[in-house]
Amino acid sequence: MNNICDNTIEKGSVCTYCGVGCDITAVITNNKIDKIYAQADGYVSRGKLCIKGSRGYDFVDSPLRIRNVRIKKSFIEKNIHEMPQELKARKNTLKELDDTWYESSYEFATSLSAWKLSQIKSKYGRHSFSAMGGARTSCESAYSLQKFARVAMDSPNIDNCARVCHSPSLSGMRQTIGEGAATNPYDDIFKSEFLLVIGSNTTEAHPIVANRMIEAARAKTVEIAVLDVRKIQLSKYATYSEIIPFESNLLILNMLAYVIIKEELYDDSFMAERTVGFEDFKNSILNDEYANPEFFKKLKGYESLADTIPLIARKYAKSKSMIFWGLGITEHLDGSKAVMAITHLALMTGNIGKEGAGLMPLRGQNNVQGACDVGCLPYYNPDYQAPKEVGLMTPESVDAMLDDKVKSLYVMGEDFTHIHPNQNKTKKALEKLELIIVQDLFMNDIASKADIVFGVKSAYEKTGVYVNAMRRLHLSQPLVQNDLPDDWEVLRDIENKIKGEFLYETSENVWDDIRKDAPYRFGGASYKKLIKHRSKGMQWPIGRTDTPTLHLEQFRTKDGLGRFKYHQYTLREQVEKLLKEESSNNFYLTTGRTLVHYNNSAQTMHTDTLYSKHDNDTLQISKEDEHLFNDCTKVILKSPYGQTSELNFKFVKGLKKGTMFNTFHHAKSKINYIFGDECDDIIKTARFKSVEVEVIKVK
């Protein structure tokens, strides 16, 4: 902390937005953030922040922040006769907030929550409880949520927003190399010779990582290949750049492997020492009717891929290479399988377990890596240990609500009714619940549907550990002070009225429990050590020292060996129609972010300088299709599951004929109403990156 003048100080922390995890410095006057910037020697930021990191802090002081506890009047009326006498007697302490809500004391709300949760558990059984969230808050709070579900409620049903983003990365990487996290630091971009970027619009979604890529490309120390369903800004700096058909990731990744195998570009000695299963994998690829890049000569508009894929494969195999990917890989029917195909490329060529060569899933939310690490998943305890019982993934919880099996829902920092698919179905499911408790900063869509809402501290108001996309732990400190509870404190105070086992007084107490429950990753990461290393952070696993590069000598599998698990591409959707030369009046839509917003704009929409730059989701249509839209001013997109609101549109050159792109930041657009239950067949992540839509013209 540095004092600038009597009332102005500077404090360092970590950015609250994406998984890049930039170090920030805030200038604070009279407990108000005046400015946020990055130090020139910032380890992650390298002196630069995106517009969200530098300007997106006004939400902290927004007049719309929830600074109390709210209880829905209808919930009180429905439950008053069943309440214990001591709760009934205190009903008169509630203050009228508006026509819908009472304002409650914190003590009454925690007591009411504990009573109703216990009543529902007693009536319907322990599996009637489900919890969601944790990736937008600290590790301490994410750990507390999963412990609350498993210990206080004795329910295995705990999940977080990784379900809609990088769960397939965790799944695919663990099945092949035993660890579902980035293998190298971001700065290895400067030690690499070749970068393959697939399914990631890096300049928009992870700009501070993209800065490194662009800097290295300009310095001619690295070459870049970009594969995406549309032309993106990073393509300008790429040696190889191709627009690929929708849902063709696994097809293309297997083709890259085919070229490497066919031309014997693989690393025999690496595979002999460190992998198993290559011969079976090799035979499968060589006998796969879809693996030869020549296949693309049959697809009109995409013929150039037949020539470019072999060039990329050769460059990748002969260079010290890294692969970067995002939701353009994972949010598909075969997301987990595509991630396995990515790891196959690294295993075949020895591009893993060394500096400048490795795998980088670009994580979404600021602490989605940490939330998964500390057990906020239905099939993993902290440290990815097997739980005594596997719970429901979020889509399964929705089905269980509809079947009257899940009756209470606890949501912490996740706008469940905005970011998840098939929203018509989801909202029907919520209507069947007897209790919804939400902890959040604002009255977002799920908070408006809740029975009890706790206002809590934001990331800039509390102490806690955050883990970024390269496994870096940063111990944040509060930039400003307020008297709201932290997320873990609310969970503690409710649990203490159910069982009384959460004996935490500080976030450090919680963290020390995490260190015991997740010893491999965090055993050596005391607060004292993290404070000492705050400027640079530390990469897990942390013992006496940290571990910047994973898999140096062995993989995290039982025998230490990497595995090949071949999956053939399934012909479908746009590729199948192109192959059969079928015509259609429908379009293929993909979704993604724009630079100024983060996901459901939970915080950025409360910052005028950001919201004013993008206050509506706008549909992008290929310039080649412009003639089809001369007779309308707006459009509605429709699928079998629902339809969007009326959307503004514009024409762009970076999309192929018959394809579209739309951002998903604003709930009012209803983009997620058109996505259904189709999902990754291993891990149930929705196919947000591809949906066939009918266009309804609005004149």
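Visitor: Which residues do ring pairs link into a cluster?

Guide: The cluster consists of Tyr266, Phe278, Phe281, Phe564 and Tyr566, linked by ring pairs. The model is predicted, so local features need pLDDT of at least 70 and side-chain atom pairs count only at pLDDT 80 or more, while totals for chains, interfaces and linings use all residues. Residues are numbered from 1 along each chain as its sequence is written, and side-chain values use heavy atoms, with hydrogens and water left out.

Rings of Phe, Tyr and Trp (its six-membered ring) pair if their centres lie within 6.5 Å; planes under 30 degrees apart count as stacked, over 60 as edge-to-face and the rest as tilted. The whole structure holds 22 aromatic pairs. One of them is edge-to-face, because the rings of Tyr290 and Phe295 have centres 5.6 Å apart and planes at 80 degrees. Tyr290 is buried at 13% relative accessible area, and Phe295 is buried at 5% (buried means under 20% relative accessible area, exposed over 50%, partly exposed in between, with a 1.4 Å probe and protein chains only).

The rings of Phe587 and Phe629, with centres 5.8 Å apart and planes at 50 degrees, form a tilted pair. This pair links distant parts of the chain, 42 residues apart: Phe587 is in strand S23 (residues 587-592) and Phe629 in the loop between strands S24 (618-622) and S25 (634-639). Helices (H or I, at least four residues) and strands (E, at least two) are DSSP runs, numbered from the N terminus. Phe587 is buried at 6% relative accessibility, and Phe629 is buried at 3%.

Rings also meet charges. A charge sits over a ring if NZ of Lys or CZ of Arg is within 6 Å of the ring centre and within 35 degrees of the ring normal. The charged end of Arg274 is placed over the ring of Phe555, 4.3 Å from its centre. Arg556 lies over the face of Tyr520, 3.5 Å from the ring centre.

A salt bridge is a side-chain nitrogen of Lys or Arg within 4 Å of a carboxyl oxygen of Asp or Glu, and the whole structure has 45 salt bridges. One of them joins Arg90 to Glu107 at 2.3 Å, N to O. Arg90, in the loop between helix H3 (85-89) and strand S6 (95-96), and Glu107, in helix H4 (residues 106-124), are 17 residues apart. Arg90 is partly exposed at 24% relative accessible area, as is Glu107 at 41%. Arg163 and Asp159 form another salt bridge at 2.8 Å, N to O, and both residues are buried.
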